[in-house]
Amino acid sequence: MAPAASSASIKQTRPVPRRAPFLLALLVIALVALFGWHAMSQPGFSSGSRTGYNIGLTGAVLMLILFLYPLRKHVRWLSAAGPLREWLNFHMLLGICGPLLILFHSRFSFDSTNAGIAMASMLVVAGSGIVGRFIYTRIHHELRGRKLAAMELRAALAESLERIQGGNGLPTAAKNALESFEAFAQRTPRGLIGRGLKFLLIGLRRYWTAWRIHRGLAGFPMHVRIAAQIDGYLLGLQRVAQFSIYERLFSLWHLLHIPLVALLVLSAIFHIVAVHMY
């Protein structure tokens, strides 16, 4: 049985949500949208007009600045230029404002095949980035929270067992079932198929383990309370294991995002060259 830990000390490690940067980003996006809409509604506005061209150029520059984020991740001397979290937030903000300006530049339409390809590539990459950011945030925040919750449940279970039978712990059958599930939940299978099967089957394994533990607790002091605590702990382990698998699958999304960005760069270069040549 793992040593008991104070739930109060564990709760202190929970991350405090920061809403100010999010609200500021929403404000910036709203201002960019209002500016673009106002410019597009002016008489004589077109992709080739002075205003339309400058809006498109600004959007392209913002999207070019996006590549500072991967440089920040891989260039060592840039580590002193601020925390990676802030760079990612700035990267996401530019990843929305840049394409938004490009959309206003194009008047939400395209007049040529190369413009259509560039536009489609941009929208796919922007959408992929937003989805990836959402998944990343949910995985890491939820995974951390689930792990903390599982630790708290394990600590509470240990404290309950300490108060009965002189701290002798669970009956042998229940203890073996619990430890077997803990090992299964914490083990990461190799390969996508193995992870997928674990994701689908761990719930059945949890029900089977809970049944074995309830059976082993028959006649055990406070068995109803102990069984309820164990059920919560088993569910916590299941959620942690499933979020860990989500995290592995997120790496596959990252591999897909890179070639999409390459396609965007090539199509944008071709579009810019074609516009200035013809």
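Helix H2 of this predicted model runs over residues 20-40 and counts 21 residues; helices here are DSSP runs of H or I with at least four residues, numbered from the N terminus. From first to last C-alpha, H2 reaches 30 Å, close to the 30 Å expected at 1.5 Å a residue, where the expected span is 1.5 Å times one less than the number of residues.

Five names make up the buried set of H2: Ile29, Val32, Gly36, Ala39 and Met40. They share the same side of H2, because they cover an arc of only 100° around the axis, the arc being that of the directions from the helix axis to the C-beta atoms. Ala20, Leu23, Leu24, Leu31, Leu34 and Trp37, on the other side of H2, are exposed (buried means under 20% relative accessible area, exposed over 50%, with a 1.4 Å probe and protein chains only). The packing partners of the buried residues are helix H3 (50-65) and helix H5 (84-106).

Thr209 is buried, with a relative accessible area of 1%. Beyond its neighbours within four places in sequence, Thr209 is in contact (heavy atoms within 4.5 Å) with Ala177, Phe181 and Leu234.

As for confidence, the chain has a mean pLDDT of 77 (the predictor's confidence in each residue, from 0 to 100), and 76% of its residues reach 70 or more. Over residues 1-17, pLDDT stays under 50. Where pLDDT is low, the predicted coordinates should not be read in detail.

Local features need pLDDT of at least 70, side-chain atom pairs count only at 80 or more, and totals for chains, interfaces and linings use all residues. Residues are numbered from 1 along each chain as its sequence is written, and side-chain values use heavy atoms, leaving out hydrogens and water.

Technical notes: Helices (H or I, at least four residues) and strands (E, at least two) are DSSP runs, numbered from the N terminus.
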